[in-house]
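Here are my notes for you, written as numbered points. Keep the structure open while you read and find each part as we reach it.

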Amino acid sequence: MTWIVVKYKKNKLNECKNDLKNKIGDNIKFYFPKIKYEFSKKNKKIFKELNLLDDYMFVGHEKFSEIKNLKLIEYCRGLKSILKNFITNQNNISDFIVKCKRHEMNGSISNSFMQDIDNSEFVFLTGPFYKKIFKIISRKNNYFEASINNLNLRITNSSLIFKNI
């Protein structure tokens, strides 16, 4: 199977998927890793689901190994663009998908996925530091140390939800 990376219009995801299915065939695969989190707002718990890749998704099919077949989907409804160089990056794309699936629990990516990412900034999606940007200083088995505006914190791995920015 050959994977491509496509950018889609957020409000047209279902149209895009259906149009791709109609033009390529039923055995097409879609994958977009998601994270689920909850936060409190005005004493109510709100549950959110967020696509880890924002408005990008992976689309897999055998026909994508031939460039000419991309012309079939170039003008699908809801499709913004197809990222180039997907043929040369098949190993990287497949490795990323396998890594995401390895860290999935109940259809969403767990925080353990972020443990493999270093030298990057993150943003909290829950808790008292909601929407604060931080950097990971060090990682231990059950916790990590983070820095928010020169304030160092020790955070347990399972207590908060965050994403890479």
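1. Among contacts in the protein chain between residues at least 6 apart in sequence, what percentage join residues at least 24 apart? It comes to 61%, with contact meaning heavy atoms within 4.5 Å.

2. A word on what you're looking at: this is a predicted model, where local features need pLDDT of at least 70, side-chain atom pairs count only at pLDDT 80 or more, and totals for chains, interfaces and linings use all residues. Residues are numbered from 1 along each chain as its sequence is written, and side-chain values use heavy atoms, leaving out hydrogens and water.

3. Now the overall picture. The protein chain has 3 helices and 13 strands (DSSP runs numbered from the N terminus: helices are H or I with at least four residues, strands are E with at least two). Its C-alpha atoms fill a box of roughly 55 × 35 × 25 Å along the principal axes. Of its 165 residues, 40% count as buried (buried is under 20% relative accessible area, exposed over 50%, partly exposed in between, with a 1.4 Å probe and protein chains only).

4. Take a look at helix 1, residues 13-24. Its 12 residues reach 16 Å from first C-alpha to last, close to the 16 Å expected at 1.5 Å a residue (the expected span is 1.5 Å times one less than the number of residues).

5. Which residues of helix 1 are buried? They are Leu13, Cys16, Asp19, Leu20 and Ile24. These cover an arc of only 135° around the axis, so they sit on the same side of helix 1 (the arc is that of the directions from the helix axis to the C-beta atoms). The face turned away from that buried side carries the exposed Asn14 and Asn22. As for the cover over the buried residues, it includes strand 1 (2-8), strand 5 (56-61) and helix 2 (70-73).

6. Next, find the open sheet of 5 strands, in the order 12-11-10-9-13 with antiparallel pairing (two strands pair if DSSP finds at least two bridges between them). Strand 12 (151-156) and strand 13 (162-164) are at the edges with a single partner strand each, so one side of each has no neighbour in the sheet.

7. Strand 9 (residues 121-124) and strand 13 run antiparallel, joined by 3 bridges. Val123 has Lys163 in strand 13 as its bridge partner.
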